[in-house]
Amino acid sequence: MWFRNLGSGTFSAAQTIGASGASSVVVADINNDGRRDVLAMASSFTTLTPWINVSGGFVAGPVVSLSGSTGTNVVAADLNNDSKTDFVVGGRHYRGDGIGGFVYQAALPALLVRMVLADLDNDSSPDLATGGGGSSVLAVLRGDVLATTSFTSTSLNFSAGAPIADVALTQLNADAQRDLVVLQGNPGARFLVALPGICR
Ligand SMILES: [Ca+2]
Ligand SMILES: [Ca+2]
Ligand SMILES: [Ca+2]
């Protein structure tokens, strides 16, 4: 579903994107037509459907099998600098063909349950910060457009001191560096920790 912002603090009634439910969605222009499309992972976490934004609605592109994935959120960006949007879910990297299709590219060398994808070290390549699965380690895979996986094989690890439940990207101060906020702890006793500019 999507809701049009009416500009007065209110939103339109729900408008349907796809008929099926989803466990995670990400918005990106996957066919380079200037319209933002939606990648929706199924509730079962086993498939992903690209929903192409066409005039007046959305149409489904080829469904992508996520067999072997361990993750619960999808992140998308152009990872190999070919101007075509790619996506990562659960330790698996899928490369976009620029017309709405995706093919499996490579497995990534880190536990990837909850992720954010953003350029954290200012070299113009998107980096992947990830945690979850009961681990207290936040791993950062630096982007490398020349690598098969699109990331360096060695991750930078930061111990959060307690199991990580989620990670989010934010801007905490005025230094123009992208910062992270980590939700950690056990159910019923979770707390947020700020990691300002950890990859500078
Ligand atoms: Ca599009
Ligand atoms: Ca690409
Ligand atoms: Ca980077």
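This is a predicted model: local features need pLDDT of at least 70, side-chain atom pairs count only at pLDDT 80 or more; totals for chains, interfaces and linings use all residues.
Local features are given where pLDDT is at least 70, side-chain atom pairs count only at pLDDT 80 or more, and totals for chains, interfaces and linings use all residues. Residues are numbered from 1 along each chain as its sequence is written, while chains are lettered from A and ligands numbered from 1 in the order in which they are written.

Strand S3 (residues 47-54) runs antiparallel to strand S2 (residues 37-41), and four bridges join them. Strands are DSSP runs (E, at least two residues), numbered from the N terminus. Two strands pair if DSSP finds at least two bridges between them. Valine 38 faces tryptophan 51 of S3 across this pairing. S2 and S3 make a hairpin with five residues between them. In its turn, phenylalanine 45 has a positive phi of about 65°.

S3 also pairs with strand S4 (residues 57-60), antiparallel and over four bridges. Here asparagine 53 is opposite phenylalanine 58 in S4. Two residues separate S3 and S4 in their hairpin. Glycine 56 in that turn has a positive phi of about 90°. Strand S5 (residues 64-65) is a further antiparallel partner of S3, through two bridges. Leucine 48 stands opposite valine 64 in S5.

An open antiparallel sheet is formed by three strands in the order S14-S15-S16. S14 (164-170) and S16 (189-195) are the edge strands, each with a single partner, so one side of each has no neighbour in the sheet. The twist averages 20° from one strand to the next (axes are lines fitted to C-alpha atoms; angles run from 0 to 180 degrees between N-to-C directions). Six bridges link S14 to strand S15 (residues 179-186) in the antiparallel sense. Aspartate 166 is opposite leucine 183 in S15.
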